[in-house]
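Have a look at the model before reading on.

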Amino acid sequence: LGYRAFFAMRCGGELVGALGVGYKDGRIPLSSEDEALLTAVLAQASLAYENARLYGALAERLEEIRTLQEYQESVIRSSSSGILVLDRDDRVHSANPAFAAMVGTPEAELIGLPFSRVLPGVAATSPEGSDGDETVEARWTSPAGEERDLRLSFSAFQGDPDRRVVIVDDVTDRMRAERAL
C-alpha cells in the first residue's frame, strides 16, 4: 500500500494506534526531522486520547454518584419519620417533608431556624459525657394545639462533626395505647 514507516501511538504503555507513512512526494524518504515531528504529533495525540478516556471514565463515575445521591435523597424524602440536620448552633440545615408536615412549616422556611423555635420545649443538646448518639422522649404542642409525644434520636452526622442528624417520630398513639393498658 506504499507505507514505508509506522509510528506508534501509545497510551498507558499500550499500543492504541499507529500512523503509517510512505515517501514524501512519492520518492523522497522521511528525514530525521520529519520522523521527530511525527513522533511529537503522535505523543500529543496519545495525550489527547488518554485525556478523552479519563474524561469518559470521570463522566461515568459522576453519573453513578449523581444516581446514588438521587436515591439517598429519595429515601430521606420518602421517610414517614421526620428527619432534619442541625448545625453546630442547633439551627436547621435541612429537613425532609415528613418533618415539615409535622411542624406545619414548609421545608424552605425551616432552614436556618433555631431548633428551639421549631420544636419549642424540646431540648436539642446532648448531656455531658454523651457520645453524641442519644434518644429522648419529649412532649410537644403542635401548631394545631395538640399535645404530641415525640421520640427524637440524635446522631452524629458522618463526615461533618459540627452537624447532627435528628430523627423525629410522633409516638402519641403508641403512648396513649400504653397508658390505656
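Two strands count as paired here if DSSP finds at least two bridges between them. By that rule β6 (residues 147–156) and β7 (residues 164–170) make a pair, antiparallel and held to seven bridges. One of the bridges joins Ala156 to Arg164 in β7. Keep in mind that this is a predicted model.

Now for the packing. The largest nonpolar core has 22 residues, and those touching the most other members are Leu84, Phe99, Leu110, Phe115, Leu119 and Leu152. Elements giving two or more residues to this core include β3 (82–86), α2 (97–103) and α4 (115–118), along with β4, β5, β6 and β7. The top contributor is α2, with four residues. There is also a second, separate core of five residues, among them Phe7, Met9, Val21 and Leu38.

| Residue | Contacts (heavy atoms within 4.5 Å) |
|---|---|
| Leu152 | Phe115, Leu119, Val122, Glu134, Thr135, Val136, Ala138, Val166, Ile167, Val168 |
| Val168 | Ser81, Gly82, Leu84, Phe99, Met102, Leu150, Arg151, Leu152 |

Val168 is in strand β7. Is Val168 buried or exposed? Val168 counts as buried because its relative accessibility is 0%, and the cut-off for buried is under 20%. In sequence Val168 is 18 residues from Leu150, yet their C-alpha atoms are 6.6 Å apart in space.

Last stop, the largest pocket, with a volume of about 250 Å³. Which elements each supply at least two residues of its lining? They are α1 (32–78), β3 and β4. The largest share, three residues, comes from α1. Lining residues of the largest pocket include Glu73, Ile76, Arg77, Ile83, Val85, Ser94 and Ala95. Asn96, Glu107, Phe157, Gln158 and Val165 also line the largest pocket.

Note on methods
Residues numbered from 1 in each chain as written. Predicted model: local features only at pLDDT ≥ 70, side-chain atom pairs only at ≥ 80, totals over all residues. Heavy atoms only, no water. Core = buried A, V, L, I, M, F, W, Y, C linked by side-chain atoms within 4.5 Å. Buried < 20%, exposed > 50% of the residue type's maximum accessible area, 1.4 Å probe, protein only. 1 Å grid on protein atoms, 1.4 Å probe; cavity = no way out; pocket = protein on both sides within 12 Å on 5 of 7 lines; lining within 4 Å. Points joined across faces, edges and corners; volume = space filled by probe spheres on them. Lists of a residue's contacts leave out its neighbours within four places in sequence.
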